Amino acid sequence: MAGHVSAADPPSRSHDAMCMACGPANPHSLGLVTRLDDDRVRGRVRLDARHSGAPGFAHGGALAAIMDDLFGHVLIQVDRPAVTATLTVDFRAPALLGRDLDLEAHCERIEGRKLSLRGEIRDGDTIVAEGRAIFVEVDISHWEASGAPLPDSWRGWGAGRRRSAESDA
(Lines give C-alpha, C1' and ligand atoms only; values in the text may rest on other atoms or scores of the structure.)
Protein backbone atom coordinates (compact mmCIF):
# COMPACT_ATOMS: atom_id res chain seq x y z
CA MET A 1 0.00 0.00 0.00
CA ALA A 2 1.52 3.30 -1.06
CA GLY A 3 1.38 6.21 1.32
CA HIS A 4 0.13 6.66 4.85
CA VAL A 5 -2.24 9.06 6.54
CA SER A 6 -0.41 12.26 7.41
CA ALA A 7 -1.41 15.65 8.76
CA ALA A 8 -0.55 17.13 5.34
CA ASP A 9 -3.33 15.18 3.58
CA PRO A 10 -6.73 16.91 3.44
CA PRO A 11 -9.17 15.34 5.93
CA SER A 12 -12.19 13.51 4.65
CA ARG A 13 -15.52 15.15 5.47
CA SER A 14 -17.33 13.37 8.30
CA HIS A 15 -20.43 11.29 7.61
CA ASP A 16 -21.99 12.11 10.94
CA ALA A 17 -20.58 13.10 14.31
CA MET A 18 -22.27 10.03 15.84
CA CYS A 19 -21.14 7.53 13.16
CA MET A 20 -20.33 4.14 14.70
CA ALA A 21 -17.02 3.86 12.84
CA CYS A 22 -15.70 7.42 12.47
CA GLY A 23 -17.91 9.67 14.59
CA PRO A 24 -15.79 12.03 16.71
CA ALA A 25 -18.73 12.71 19.05
CA ASN A 26 -19.54 9.01 19.53
CA PRO A 27 -17.78 7.69 22.65
CA HIS A 28 -18.19 4.15 21.27
CA SER A 29 -16.83 4.95 17.81
CA LEU A 30 -14.25 2.60 16.31
CA GLY A 31 -12.03 5.67 15.89
CA LEU A 32 -11.57 5.51 12.11
CA VAL A 33 -9.65 8.52 10.77
CA THR A 34 -9.39 9.09 7.03
CA ARG A 35 -7.65 11.45 4.61
CA LEU A 36 -8.10 12.09 0.90
CA ASP A 37 -5.04 11.22 -1.18
CA ASP A 38 -5.51 11.86 -4.93
CA ASP A 39 -7.99 9.17 -6.08
CA ARG A 40 -7.72 7.18 -2.83
CA VAL A 41 -9.01 7.42 0.68
CA ARG A 42 -6.46 6.36 3.26
CA GLY A 43 -7.04 5.88 6.92
CA ARG A 44 -5.85 4.47 10.17
CA VAL A 45 -7.54 2.80 13.09
CA ARG A 46 -6.43 1.08 16.29
CA LEU A 47 -8.84 -1.41 17.83
CA ASP A 48 -8.84 -2.28 21.51
CA ALA A 49 -10.43 -4.79 23.90
CA ARG A 50 -13.90 -3.36 23.17
CA HIS A 51 -13.51 -4.75 19.63
CA SER A 52 -12.37 -8.22 20.62
CA GLY A 53 -13.49 -11.31 18.74
CA ALA A 54 -11.12 -13.59 20.67
CA PRO A 55 -8.46 -12.72 23.23
CA GLY A 56 -6.01 -10.34 21.53
CA PHE A 57 -7.78 -10.47 18.15
CA ALA A 58 -10.19 -8.00 16.53
CA HIS A 59 -13.72 -9.14 15.74
CA GLY A 60 -14.37 -9.69 12.04
CA GLY A 61 -17.55 -7.64 12.31
CA ALA A 62 -15.51 -4.63 13.46
CA LEU A 63 -13.26 -5.04 10.42
CA ALA A 64 -16.29 -5.29 8.12
CA ALA A 65 -17.76 -2.12 9.68
CA ILE A 66 -14.44 -0.34 9.13
CA MET A 67 -14.41 -1.41 5.49
CA ASP A 68 -18.00 -0.26 4.95
CA ASP A 69 -17.29 3.13 6.51
CA LEU A 70 -14.03 3.50 4.57
CA PHE A 71 -16.07 3.00 1.39
CA GLY A 72 -18.46 5.68 2.65
CA HIS A 73 -15.57 8.13 2.63
CA VAL A 74 -14.85 7.19 -1.00
CA LEU A 75 -18.44 8.24 -1.79
CA ILE A 76 -17.71 11.68 -0.36
CA GLN A 77 -14.56 11.88 -2.47
CA VAL A 78 -16.38 11.03 -5.72
CA ASP A 79 -19.32 13.28 -4.70
CA ARG A 80 -21.98 10.57 -4.99
CA PRO A 81 -24.38 9.90 -2.11
CA ALA A 82 -25.00 6.16 -2.15
CA VAL A 83 -25.92 3.18 -0.02
CA THR A 84 -24.29 -0.23 0.38
CA ALA A 85 -25.84 -2.87 -1.87
CA THR A 86 -23.22 -5.59 -1.34
CA LEU A 87 -20.14 -5.80 0.84
CA THR A 88 -17.65 -8.65 0.65
CA VAL A 89 -14.72 -8.85 3.04
CA ASP A 90 -12.04 -11.49 2.57
CA PHE A 91 -10.10 -12.00 5.79
CA ARG A 92 -6.45 -12.76 4.98
CA ALA A 93 -4.70 -12.58 8.38
CA PRO A 94 -5.66 -11.94 12.00
CA ALA A 95 -6.02 -8.34 13.09
CA LEU A 96 -4.33 -7.94 16.45
CA LEU A 97 -5.75 -5.54 19.00
CA GLY A 98 -3.69 -2.49 19.94
CA ARG A 99 -1.92 -2.17 16.58
CA ASP A 100 -2.24 0.60 14.02
CA LEU A 101 -4.11 -0.72 10.99
CA ASP A 102 -3.66 1.18 7.73
CA LEU A 103 -6.64 1.49 5.42
CA GLU A 104 -6.97 2.29 1.74
CA ALA A 105 -9.94 2.37 -0.65
CA HIS A 106 -10.88 3.68 -4.06
CA CYS A 107 -13.62 3.65 -6.66
CA GLU A 108 -12.82 1.21 -9.47
CA ARG A 109 -15.66 2.19 -11.78
CA ILE A 110 -19.03 3.87 -12.02
CA GLU A 111 -21.79 2.50 -14.23
CA GLY A 112 -24.89 4.68 -14.03
CA ARG A 113 -25.97 4.62 -10.36
CA LYS A 114 -23.73 1.63 -9.52
CA LEU A 115 -20.31 2.26 -7.94
CA SER A 116 -17.74 -0.53 -7.60
CA LEU A 117 -15.34 0.03 -4.72
CA ARG A 118 -12.28 -1.82 -3.51
CA GLY A 119 -10.24 -1.51 -0.32
CA GLU A 120 -7.86 -3.15 2.09
CA ILE A 121 -6.83 -3.18 5.71
CA ARG A 122 -3.15 -3.75 6.51
CA ASP A 123 -0.99 -4.30 9.54
CA GLY A 124 2.36 -3.12 8.20
CA ASP A 125 3.09 -5.18 5.08
CA THR A 126 0.47 -7.82 5.97
CA ILE A 127 -2.92 -7.64 4.31
CA VAL A 128 -5.45 -8.31 7.06
CA ALA A 129 -8.58 -7.92 4.92
CA GLU A 130 -9.56 -7.07 1.36
CA GLY A 131 -12.98 -5.67 0.56
CA ARG A 132 -15.19 -5.16 -2.43
CA ALA A 133 -18.52 -3.42 -2.52
CA ILE A 134 -21.26 -2.25 -4.79
CA PHE A 135 -22.94 0.98 -3.74
CA VAL A 136 -26.05 2.40 -5.39
CA GLU A 137 -26.38 6.16 -5.75
CA VAL A 138 -29.44 7.70 -4.11
CA ASP A 139 -30.79 11.19 -3.63
CA ILE A 140 -30.24 12.92 -0.28
CA SER A 141 -34.00 12.57 0.28
CA HIS A 142 -33.25 8.89 1.06
CA TRP A 143 -31.76 9.99 4.42
CA GLU A 144 -34.13 12.90 4.95
CA ALA A 145 -36.95 10.34 5.15
CA SER A 146 -35.71 9.34 8.63
CA GLY A 147 -36.81 12.72 9.99
CA ALA A 148 -33.45 13.17 11.73
CA PRO A 149 -31.51 16.32 10.88
CA LEU A 150 -28.66 15.71 8.44
CA PRO A 151 -25.16 17.02 9.14
CA ASP A 152 -24.42 20.44 7.64
CA SER A 153 -21.56 18.85 5.68
CA TRP A 154 -24.12 16.91 3.61
CA ARG A 155 -25.57 20.10 2.06
CA GLY A 156 -24.95 20.00 -1.64
CA TRP A 157 -23.52 16.46 -1.60
CA GLY A 158 -23.76 15.24 -5.18
CA ALA A 159 -25.27 18.52 -6.41
CA GLY A 160 -22.23 19.51 -8.49
CA ARG A 161 -22.25 16.19 -10.29
CA ARG A 162 -26.02 16.38 -10.83
CA ARG A 163 -25.77 19.94 -12.26
CA SER A 164 -23.03 18.76 -14.63
CA ALA A 165 -25.15 15.80 -15.78
CA GLU A 166 -28.19 18.06 -16.32
CA SER A 167 -26.19 20.51 -18.42
CA ASP A 168 -24.89 17.60 -20.56
CA ALA A 169 -28.47 16.46 -21.25
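The following exercises, each with a worked solution, concern a predicted model.

**Exercise 1.** Determine the order of the strands in the open sheet, and state which strands stand at its edges.

*Solution.* Begin with the arrangement: the open sheet has 6 strands in the order β1-β2-β6-β7-β8-β5, and their pairing is antiparallel. Next, consider the ends of this order: β1 (33-37) and β5 (82-91) each have a single partner strand, so one side of each is left without a neighbour in the sheet. Finally, neighbouring strands of this sheet are turned by 20° against each other on average, direction ignored.

**Exercise 2.** Describe how strand β6 is joined to strand β7, and how helix α1 is placed relative to the sheet strands.

*Solution.* First, take the two strands: β6 (residues 100-111) and β7 (residues 114-123) run antiparallel and are joined by 9 bridges. Within this region, Glu104 stands opposite Glu120 in β7. Then turn to the helix: α1 (residues 60-77) lies across β1, β2 (40-46), β5, β6, β7 and β8 (126-137). Its direction is at about 130° to β7.

**Exercise 3.** Decide whether Ile121 is buried or exposed, and identify its contacts beyond four places in sequence.

*Solution.* Locate the residue first: Ile121 lies in strand β7. Its relative accessibility is 1%, and buried means under 20%, so Ile121 counts as buried. Now list the contacts, leaving aside neighbours within four places in sequence: Ile121 touches Leu63, Ile66, Met67, Leu101, Asp102, Leu103, Thr126, Ile127, Val128 and Ala129.

Notes
Residues numbered from 1 in each chain as written. Predicted model: local features only at pLDDT ≥ 70, side-chain atom pairs only at ≥ 80, totals over all residues. Heavy atoms only, no water. Pairing = 2+ DSSP bridges. Helix = DSSP H or I, 4+ residues; strand = E, 2+ residues; numbered from the N terminus. Axes fitted to C-alpha atoms, helices over the stretch in contact; angles between N-to-C directions. Contact = heavy atoms within 4.5 Å. Buried < 20%, exposed > 50% of the residue type's maximum accessible area, 1.4 Å probe, protein only.
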